[in-house]
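Here is a short report on one protein chain. The sequence and the model come first, then the reading of the fold.

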Amino acid sequence: MIWMDQKIKVLAISGSLRQKSSNTALMKATIGLAPEQMIFTVYDGLGDLPHFNPDLDVEEGPASVRELRGQLKQADGVLICTPEYGNGVPGALKNALDWLVSSGEFVNKPTAVISASPSPMGGNLAHASLLLTLQMINAEIVEKGKVIIPHITLKLNQEGEITNLETRQELLASLQGLEQACSRQV
């Protein structure tokens with residue numbers, strides 16, 4: 001059981017490299033809804049990772065990969081917000097996960113997965129693919145933390161604020177599920 005003053009460290013990752021990404025805006029808006037005991041670090045090195053190469057996946061490895069692994073080791077949980085590109089997970093996010101297959105940072109790590117898209121399907125194919133990858137690397141997928149948001153451009157305003165009450169409630173439930181899962185681990 002977590003004590004009320006104990007902080008929960010969460011690593012937040014956007015699957016988009018786009019400057020004005022609606023998923024990055026959604027991730028930041030979700031962080032803004034979190035209770036104060038949840039402390040977020042936004043991972044911003046997705047574009048700095050080299051293409052995955054098993055020959056480079058050695059103990060030391062590339063500095064950017066060590067940085068990602070280090071941030072994951074320090075985190076009690078993970079929040080991923082991703083768009084869908086070409087009916088799948090964006091290449092940069094998949095590449096990051098490929099670097100984590102052999103190292104074990106995701107093993108039993110409580111993880112919330114949110115996909116959002118302007119399409120009516122909400123990035124459901126990327127969501128399903130991402131869940132498969134995370135299950136393979138033994139992440140603890142939080143049941144309440146699986147959220148698909150269609151028509152995201154109608155649910156965030158220009159300032160990146162959530163304008164849709166139902167979406168806000170889903171994100172709050174996701175955070176609550178992540179908080180509970182992390183509390184059991186801390």
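Contact here means heavy atoms within 4.5 Å. The model is predicted.

## The sheet

Five strands make an open sheet. Their order is E2-E1-E3-E4-E5, and the pairing is parallel. E2 and E5 stand at the edges. Each has a single partner strand, so one side of each is left without a neighbour in the sheet. Neighbouring strands are turned by 20° against each other on average, direction ignored.

Strand E1 (residues 8-14) pairs with strand E2 (residues 38-43) in the parallel sense, over six bridges. Within this pairing, Leu-11 has Thr-41 of E2 as its bridge partner. Between the two strands, the chain passes through helix H1 (residues 22-33). This β-α-β crossover is right-handed. E4 and E5 also pair in the parallel sense, over six bridges.

## Helices across the strands

Helix H2 (residues 63-74) lies across E1, E2 and strand E3 (77-82). Helix H2 runs at about 170° to E2. Helix H4 (residues 124-136) lies across E3, E4 and E5. Its angle to E5 is about 170°.

Which residues touch the most other members of the largest nonpolar core? They are Leu-26, Met-38, Phe-40, Leu-79, Ile-114, Ile-149 and Leu-178, and the core holds 27 residues. E1, H1, E2, E3, E4, E5 and H5 each supply at least two residues of this core. A second, separate core has 25 residues. Ile-80, Val-89, Leu-131 and Ile-141 are among them. In soluble globular proteins, nonpolar side chains tend to be buried together.

Residues up to four places away in sequence are not counted here. From E1, Leu-79 touches residues including Val-10, Leu-11, Ala-12 and Ile-13.

## Ser-115, a buried position in E4

Is Ser-115 buried or exposed? Ser-115 is buried, with a relative accessible area of 0%. The residue is found in strand E4. Opposite Ser-115 stands Ile-148 in E5.

Neighbours within four places in sequence are again left aside. Ser-115 is then in contact with Asn-23, Thr-82, Gly-122, Gly-123 and His-127, among others. Its contacts also include Val-147, Ile-148 and Ile-149.

## Salt bridges

How many salt bridges does the structure hold? There are four. One of them joins the side chains of Lys-94 and Asp-98, at 2.5 Å from N to O. Both residues lie in helix H3, four residues apart, about one turn of the helix. Lys-94 is partly exposed, with a relative accessible area of 33%.

Glu-140 forms a salt bridge with Arg-184. The closest N and O atoms are 3.5 Å apart. Glu-140 lies in strand E5 and Arg-184 in helix H5, so the pair ties together parts that are 44 residues apart in sequence. Glu-140 is partly exposed, at 23% relative accessible area. Arg-184 counts as exposed, at 62% relative accessibility. Glu-143 and Lys-146 form another salt bridge through their side chains, at 3.3 Å from N to O. Glu-143 counts as exposed, with 59% relative accessibility. Lys-146 is partly exposed, with a relative accessible area of 32%.

Asn-108 is partly exposed, with a relative accessible area of 46%.

His-151 is another residue with positive phi that is not a glycine. The value is near 50°. His-151 is placed in the loop between strand E5 (140-149) and helix H5 (165-185). The residue is partly exposed, with a relative accessible area of 31%.

Key:
Residues are numbered from 1 along each chain as its sequence is written. This is a predicted model: local features need pLDDT of at least 70, side-chain atom pairs count only at pLDDT 80 or more; totals for chains, interfaces and linings use all residues. Side-chain values use heavy atoms; hydrogens and water are left out. Buried means under 20% relative accessible area, exposed over 50%, partly exposed in between (1.4 Å probe, protein chains only). Two strands pair if DSSP finds at least two bridges between them. A crossover is right-handed if, with the strands pointing away from the viewer, the path from the first strand over the helix to the second runs clockwise. Axes are lines fitted to C-alpha atoms, for helices over the stretch in contact, and angles run from 0 to 180 degrees between N-to-C directions. A nonpolar core is a set of buried Ala, Val, Leu, Ile, Met, Phe, Trp, Tyr and Cys residues joined through side-chain atoms within 4.5 Å.
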